[in-house]
Amino acid sequence: MGTEKRSSMAALEKKLNEKIQGIHKELNIRTRKSDGLLSFLKQAIENYSLKRKFARVVIQGSVGNNLYFPEILEDGTYRVEIDMLFEQDSYNVTLPGFVGENRYPQVVLDVVADESVSSQQYVKLKVSRLPEGLRDEDQTVFLEFDEVSGEYYLKNSEYLNELPSIKDEIKGGILGEKEMTTGVFDSFQGRKPFRAFKTERKQLIIDEETIHYQLLMDKVAAIKVKWPEVFTVWETRERLWPPLEVCKEITRDGIHVIPKSSHKSASTTQWKYTFAIAEQRLAHFFTPIQRACYLILKQLKRKYFSQVSLSEGQLIISSGISTHHLKTVMFWTSERTEPSEWQTDPGKCLSLLLQTLVNFLQGKHCPNYFVPEVNLFQRLWMDESKFLFVKDDNQLRDLRIQKVLELVLQVQAHLEEYLTSELLQTVDEDHERTVSNAKFAEKDFFSGYKFEMAKQMASLDSLFTDLHDLPESKQEEKAKRDEL
């Protein structure tokens with residue numbers, strides 16, 4: 001019986017490997033078709049970056065990571081999401097937006113701990129050298145003076161608003177993109193550390209073939225600083241992947257801070273470390289099979305667990321599982337897996353990815369790859385909490401995690417059945433929501449929709465709050481919005 005079971009398992013693993021190899025070939029075919037479009041877009045962004053007086057433009061996200069999988073809409077249009085860092089070095093930061101004698105004042109910044117929060121992810125940027133010729137009244141635009149320390153600190157939101165400059169959009173931007181206004185959705189999801197743009201449907205002729213495409217762009221203002229000592233433990237911990245020399249190169253190259261405050265803070269001078277470029281370097285180190293397994297995991301998420309249902313299917317909300325969660329799963333799994341196994345047994349490696357995700361969901365803790373004590377699931381409730389008046393934030397997070405876990409376990413138990421060509425046809429629901437939310441705002445479809453939705457949610461599930469249950473401040477907020 002034991003021999004029969006082993007034989008059956010071997011046959012299943014072989015079939016799983018064959019399916020993954022088949023999907024890998026289809027992936028390569030589809031990505032090759034989009035190579036010309038991506039090359040054109042990268043060149044356009046590089047040309048734009050060279051024309052700027054300051055702030056290099058660095059492509060990141062799936063395009064920058066070489067992990068882009070063509071997202072093709074029903075009408076054949078390629079939809080491409082491009083994330084960009086507008087990067088400056090801390091020892092020479094130009095403050096944009098000024099006029100007069102010193103139009104582009106420059107400051108030197110030092111990273112200092114923010115003692116108002118316990119997380120080491122958040123810091124302040126102290127101005128160690130003020131720009132020459134800057135009028136006193138201009139200092140308050142980008143800088144905030146702290147009377148206790150007697151120091152100036154760089155503000156976060158003002159810097160984000162001016163870099164990239166709104167003048168770029170007036171001049172046509174990079175490829176004619178326009179900033180998306182998401183109105184009430186922005187205010188209830190909290191301030192984001194980027195500005196979102198989109199283009200209309202455009203066309204490009206490559207090798208006598210016409211390609212239609214639409215771009216979604218996130219532009220992030222970032223300042224490059226030295227890799228902090230507190231995070232160096234990542235470089236030296238025991239691992240099977242990547243090689244130590246790669247880790248040393250990443251830490252030598254530094255890290256970025258972006259204009260984002262902790263959700264518990266209303267600070268205008270708080271900045272957050274981002275590991276986006278470090279993650280990009282790691283992704284560039286993926287083998288072809290590693291890349292294929294990650295893209296398959298990403299497509300499994302898009303098709304089977306991007307949304308969860310509550311109240312016996314009457315209520316459907318986003319699962320909250322993001323590409324960043326999946327990339328984190330990929331990094332941890334790769335670190336603990338012999339590199340040779342990705343070549344010899346991709347079926348086993350894909351199963352390991354799903355098992356890592358299951359472990360994180362069961363523990364309700366998705367550890368940041370560079371700072372493991374930071375739980376990436378901690379804020380999994382955030383969007384609906386603000387938007388739908390959730391009674392218990394943690395309850396929604398835990399319920400969401402449980403529902404996602406059930407879906408992932410289903411996929412894990414019958415993985416072979418889920419590895420079909422349909423995976424490659426699935427578009428990203430998060431992108432659909434981004435565009436949809438912007439359209440609501442463009443039509444001035446603000447608080448009325450939000451409060452009607454709150455009532456609908458409350459009628460379906462006790463987790464959500466109806467209008468008559470809201471505290472007085474929320475009622476006042478509704479009244480003020482209805483007056484607009």
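Okay, let's start with a salt bridge: the side chains of Lys219 and Glu177 meet here, with 2.7 Å from N to O. Keep in mind that we're looking at a predicted model. What I like about this pair is that it links distant parts of the chain, 42 residues apart. Lys219 sits in strand β12, residues 209-225, while Glu177 is in the loop between α5 (166-170) and β9 (178-179).

Now, on to a pair of helices. Find α11, residues 323-335, and α13, residues 346-363. How do their axes cross? They come within 9 Å and cross at roughly 115°, so the two helices are roughly perpendicular to each other. The crossing of α11 past α13 is right-handed.

Who's doing the touching? On the α11 side you've got Leu326, Val329, Met330, Trp332 and Thr333. From α13 come Leu352, Leu353, Thr356, Leu357 and Phe360. How many of these contact residues are nonpolar, polar or charged? Eight are nonpolar, two are polar and none is charged. Quite a contrast in topic from where we began!

Last thing: how confident is the predictor? The protein chain averages a pLDDT of 82, and 76% of the residues score at least 70. Two stretches to handle with care, then. Over residues 183-190 the pLDDT is below 50, and the model gives this stretch 19 contacts beyond near neighbours in sequence. Residues 384-389 also stay under 50; there, the model has 28 contacts beyond four places in sequence.

That's my tour, thanks, everyone.

Definitions and conventions: Residues numbered from 1 in each chain as written. Predicted model: local features only at pLDDT ≥ 70, side-chain atom pairs only at ≥ 80, totals over all residues. Heavy atoms only, no water. Axes fitted to C-alpha atoms, helices over the stretch in contact; angles between N-to-C directions. Helix = DSSP H or I, 4+ residues; strand = E, 2+ residues; numbered from the N terminus. Parallel < 35°, antiparallel > 145°, perpendicular 65-115°, else oblique. Left-handed = near helix turned anticlockwise from the far one by under 90°. Contact = heavy atoms within 4.5 Å. Nonpolar A, V, L, I, M, F, W, Y, C, P; charged D, E, K, R; others polar. pLDDT = per-residue confidence, 0-100. Salt bridge = Lys/Arg side-chain N within 4 Å of Asp/Glu carboxyl O.
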